[in-house]
Amino acid sequence: MGTLLAFPIIFILLVLQTTLFSQVTLLHGSVDLVLLWVAAWSLQKQVTSAWFWTILAAIAVAYISAIPWYVPVICYPFITIIEKWINKRVWQSPLLMMFLVTIISSIVSNGLSYVALALSGVAIPLKTGLVQVMIPSVLINLLLALPVFAIARDTAQWVYPLEVVE
Amino acid sequence: MKRLSQRTLQSITIGLIILGVLALALSGLLNQIVGKVIDPLVAVQGWFASRTQAMVEFFTVPRDVATLRQENASLKDQVSQLQSELLAARQQLTETDILYALLDFARAKPENKYVAASVIGRDPSPFVKYIIVDHGSDDGIVKGMPVVTQQGLVGKVVAVTATAARVQLITDPGSILNVHLEEANTDCQVVGSVTGDVSLEMVNPGVTLVQGDLILTSGLGGLYPSDILIGQVLSPENSDSTLFQKATVQPVVDFVNLKAVLIITNFRPVDYTPLVP
């Protein structure tokens, strides 16, 4: 069920992202809802299908977005790798990890987008890109990290209920 | 005979009395007397009626409150339903206005064939400026078709599926188009940016840029038809140290509130890449 649920949830997130959240901006930075969900979902200990969700989200975003396809295909699995790596070290504080992963993943995602566009011939001034897009995107992602984490945690508990030991 | 005459006399007397009373009543002379008799009775009747009404209300009011609450809830439902219908009607009115404006534009340029499409999404990445529209190859849309509104140029189709298409806006940082300045009578380029601002570049230094000069597509390069309005020159940057002049542009299209567009279907962009050495 956890695997099958990926299809409707990723679809809903993409619809929300392209319609509503792409217009919620801070300067010219916008929230990356799918990225936040992948980060929050992979942080849930009971989730066993994190890699499937990650790959599906990467393919879906690569298909929908005009950004070079390899940006989400590299970025999303990178987030999951980072999380799995951090999870073994600071597992006591998942909320702290969520914020940490959000910062890292937002920087990586935006940085990679910038580099990919530069490689494809779209010259964006670094200062403009940094001040107008990257930093605001990181901040707005941080703002939404907490509610997304809470929803992902509740969904994970519903999909993968923990066994009660008597 | 004597008894009969007495009865007859009594009857006649009673009849005369009745006729007299009727005559007094009809002439209005009896009203004062009747009023004085009836007024106390009416007062008593009124007193009883008010007390009886109070008792009836005392016993029936709780039931009425329940009924009123029900009616209130029902009316509230109706109000909310009507409000949502009103909102839907207003929304439809807005969409109709947009479609009428697009229709006017299409009628004004009958040489072009158009497909009207609604904007259903925007690109998730903040680095690029693309929109997604609800018409695709099933409606004859192909890659490269120009997209306009009644105000002016929006962009071009860059990717197509069966039922949707992705449109690159002229505000996208990767968008470069050849334009013609009407008043200055010169060709130059309009370039998008990551902030969504549009600027005029590659302007010949010998040309005097004037604020408010109209910017139209030149048709050079074969990617867009000529003479589609883009915007106006906003603030020229005349500098002696630069090779070309620049200017910021005020686009005529409101890209933030873009809801419907027209795709020009009878224009085929020229693919000149095989000619590039």
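Hi everyone, let me start with a helix pair: H2(A) and H5(A) cross in a right-handed way. Helices here are DSSP runs of H or I with at least four residues, strands are runs of E with at least two, and both are numbered from the N terminus.

A word on what we are looking at. This is a predicted model, in which local features need pLDDT of at least 70 and side-chain atom pairs count only at pLDDT 80 or more, while totals for chains, interfaces and linings use all residues. Residues are numbered from 1 along each chain as its sequence is written, and chains are lettered from A and ligands numbered from 1 in the order in which they are written.

Back to our pair. Two packed helices are described by the angle between their axes and the distance between the axes. For H2(A) and H5(A), the angle is about 140° and the axes are 10 Å apart. The axes are lines fitted to C-alpha atoms, for helices over the stretch in contact, and angles run from 0 to 180 degrees between N-to-C directions. On the H2(A) side we find Leu35(A), Leu36(A), Ala39(A), Ala40(A) and Leu43(A), and their partners in H5(A) include Met97(A), Met98(A) and Val101(A). Contact, throughout this talk, means C-beta atoms, placed from the backbone, within 7 Å. The residues of this contact divide into nine nonpolar, three polar and no charged. For those classes, Ala, Val, Leu, Ile, Met, Phe, Trp, Tyr, Cys and Pro are nonpolar, Asp, Glu, Lys and Arg are charged, and the others, Gly among them, are polar.

How many residues of H2(A) are buried? Eleven of its eleven, across residues 33-43. They include two tryptophans, Trp37(A) and Trp41(A). Buried means 20 or more other C-beta atoms within 10 Å of a residue's own, exposed means 12 or fewer, and partly exposed is in between, again with C-beta atoms placed from the backbone. The cover over H2(A) includes H1, H3, H4, H5 and H6 of chain A.

Now follow H5(A) across to H6(A). Their axes come within 9 Å and cross at roughly 150°, so the two helices are roughly antiparallel. The cut-offs are under 35 degrees for roughly parallel, over 145 for roughly antiparallel, 65 to 115 for roughly perpendicular, and oblique for the rest. This crossing is right-handed. Among the residues that meet are Phe99(A), Ile103(A) and Tyr114(A) from H5(A), with Gly129(A), Val133(A) and Phe149(A) from H6(A). The tally is twelve nonpolar, six polar and no charged.

Do look at Gly129(A) in your viewer. This glycine sits in helix H6 of chain A and is buried, with 23 other C-beta atoms within 10 Å. Beyond its neighbours within four places in sequence, Gly129(A) touches Tyr114(A), Ile124(A), Met134(A) and, from the other chain, Val194(B).

One more pair in chain A: H3(A) and H4(A). Their axes come within 8 Å and cross at roughly 155°, which means that H3(A) is roughly antiparallel to H4(A). The contact includes Trp51(A) and Val61(A) of H3(A), and Tyr76(A) and Pro77(A) of H4(A). By class, that contact has ten nonpolar, two polar and no charged residues.

Where do the chains meet? Chain A puts 24 residues in contact with 16 of chain B. H6(A) gives the most to the chain A side, with five residues. That side divides into nine nonpolar, 14 polar and one charged.

On to chain B, with its two helices and twelve strands. Its C-alpha atoms fill a box of roughly 150 × 40 × 40 Å along the principal axes. The radius of gyration, taken over C-alpha atoms, is 43 Å, whereas a compact globule of 277 residues would be near 19 Å; that rule is 2.2 Å times the number of residues to the power 0.38. Buried residues make up 25% of chain B.

Last, two loop residues. Asn185(B) has a positive phi of about 55° although it is not a glycine, and lies between strands E6 and E7 of chain B. Asp227(B) has a positive phi of about 65° and lies in the loop between E9 and E10 of chain B. Are they buried or exposed? Asn185(B) is exposed, with 9 other C-beta atoms within 10 Å, and Asp227(B) counts as exposed with 12.

Conventions
Contact = placed C-beta atoms within 7 Å. Left-handed = near helix turned anticlockwise from the far one by under 90°.
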